[in-house]
Amino acid sequence: MKRIRIAVVGLGKIARDQHLPAIADNPAFELVATVSPHGDGVGGVPHFPALEELLADGPAVDAVALCTPPQVRHDLAALALERGVHVFLEKPPGATLAEVAALAGLAERSGATLFASWHSRFAPGVSAARGWLADRQLQRGSIRWREDVRKWHPGQAWIWEAGGLGVFDPGINALSILTEILPQPLFLCEALLEIPANKAAPIAAQLRFRDTAGAPVQMDLDWRQTGPQSWDIEIETDAGVLKLSDGGARLAYPGGAASGENREYAGLYAHFAALVERGESDVDVRPLTLVADAFLRGTRRTVEAFED
Ligand code: NAP
């Protein structure tokens, strides 16, 4: 099998923690270059400060994995797709919905694969949760996604800027799971966004959704949580309560349970390789749509300035 020559673009936390190891472990891929404005890259792999330079002067690439902040992702993706290079987008797939739609159109015209990844959907409990919920009637749902931003996002200025999503950067992971496992579509009813006086993005948010059968789902997002962290989803159904904890790593429901090691990025790269092989794209914007609706429909409250 011909290996997919891939370049990782944006050598920050997620690229180093997850993408590089997942690529190294998957024989379908060969890492041929890295791109990032600062630094020298990783041991012996050709490194470029900008994607334009890699595409003009570097080794041939079949695919790029874009691990940059979302605000710069569209232009990088468009540059690659215009040349027929397959694109793996980290989540969220972009800073606006229209730019993601534009990329999907570009991928279709160029014949390249566009994969808008949602890593939490590959957490060990998610697919069994989806299976169990398929035949159930949802009565209510609640999501509690509370973490310490100082611990998980130190020094990430982009995350507090417009388009960085603030607390929705982790919150969108919960929505990516929810939109995957619930049998009915979900829509936003109301939202309260708490935005620090010195930032452009929320530090906390309370949201109320409803599914199309009328079941309420509430969501509590907060970045000011110290001590134990919460990444929990609870779904009450006509057949009992399903609980997904630790970001989807642990599942419990009446008569069953599932858990396992974190193989989210192994799953993402296996899926990306399969998409490339089949000549298909996978672009699901439902999680980003719900976040965009929170910004569109939500009430904003200015709260105390936050220093990281
Ligand atoms: P990060 O640590 O700030 O890394 C982002 C990197 O992007 C920086 O290292 C920066 O490179 C690079 N970059 C910025 N502009 C660029 C450009 N025009 N071309 C190439 N590289 C550019 O952020 P992160 O935590 O890795 O997050 C990146 C994305 O992954 C976000 O969308 C986030 O939601 C997602 N994600 C993060 C995590 C996590 O645990 N951190 C988990 C899952 C998904 P320099 O350092 O060279 O300036």
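I call a residue buried when its relative accessible area is under 20%, exposed when over 50%, and partly exposed in between, using a 1.4 Å probe and protein chains only. The model is predicted, so I keep local features at pLDDT of at least 70 and side-chain atom pairs at pLDDT 80 or more, while totals for chains, interfaces and linings use all residues. I number residues from 1 along each chain as its sequence is written, and side-chain values use heavy atoms, without hydrogens and water.

**Entry 1: the sheet**

I took helices (H or I, at least four residues) and strands (E, at least two) as DSSP runs, numbered from the N terminus. Two strands pair if DSSP finds at least two bridges between them. I then read off an open sheet of 9 strands with mixed pairing. Its order is β14-β13-β12-β11-β7-β10-β9-β8-β15. Which strands are at the edge? They are β14 (256-259) and β15 (299-303), and each pairs on one side only. For angles, I use lines fitted to C-alpha atoms, for helices over the stretch in contact, and values run from 0 to 180 degrees between N-to-C directions. Neighbouring strands of this sheet are turned by 10° against each other on average, direction ignored.

I looked at one pairing in detail. Strands β11 (residues 230-237) and β12 (residues 240-245) are antiparallel over 5 bridges. Thr237 stands opposite Gly240 in β12.

**Entry 2: helices on the sheet**

Contact here means heavy atoms within 4.5 Å. Helix α5 (residues 126-133) lies across β11, β12 and β13 (250-253). It runs at about 165° to β12. Helix α7 (residues 168-181) also packs on the sheet, and the strands it touches include β7 (138-146) and β8 (186-196). The direction of α7 makes about 155° with that of β7.

**Entry 3: the cores**

I count a nonpolar core as a set of buried Ala, Val, Leu, Ile, Met, Phe, Trp, Tyr and Cys residues joined through side-chain atoms within 4.5 Å. The largest has 50 residues. Phe168, Leu178, Leu207 and Phe209 have the most contacts inside it. Helix α7 gives the largest share of this core, 7 residues. Beyond its neighbours within four places in sequence, Phe168 is in contact with residues including Leu193, Leu207, Val291 and Phe295. A second, separate core has 26 residues, among them Ala33, Leu76, Leu89 and Ala116.

**Entry 4: aromatic pairs**

Rings of Phe, Tyr and Trp (its six-membered ring) pair if their centres lie within 6.5 Å; planes under 30 degrees apart are stacked, over 60 edge-to-face, and the rest tilted. I get 11 aromatic pairs by this rule. Phe88 and Phe115 are edge-to-face, at 5.3 Å centre to centre and 75° between the planes. Phe88 is in β5 (residues 86-89) and Phe115 in β6 (residues 114-116), 27 residues apart. Phe88 is buried at 0% relative accessible area, and Phe115 is buried at 2%.

Trp160 and Phe306 form a tilted pair, at 5.5 Å and 35°. Trp160 is in the loop between α6 (149-152) and α7, and Phe306 in the segment after β15, 146 residues apart. Trp160 is buried at 4% relative accessibility. Phe306 is buried at 8%.

Ring pairs also link Phe29, Phe88, Phe115, Tyr269 and Phe272 into a cluster.

**Entry 5: helix α3**

Why is α3 (residues 73-82) largely enclosed by the rest of the structure? Because 7 of its 10 residues are buried. Arg73 and Leu76 are among them. The cover over these buried residues includes β1 (4-9), α2 (51-57) and α4 (97-110). Just after α3, Gly84 has a positive phi of about 75°.
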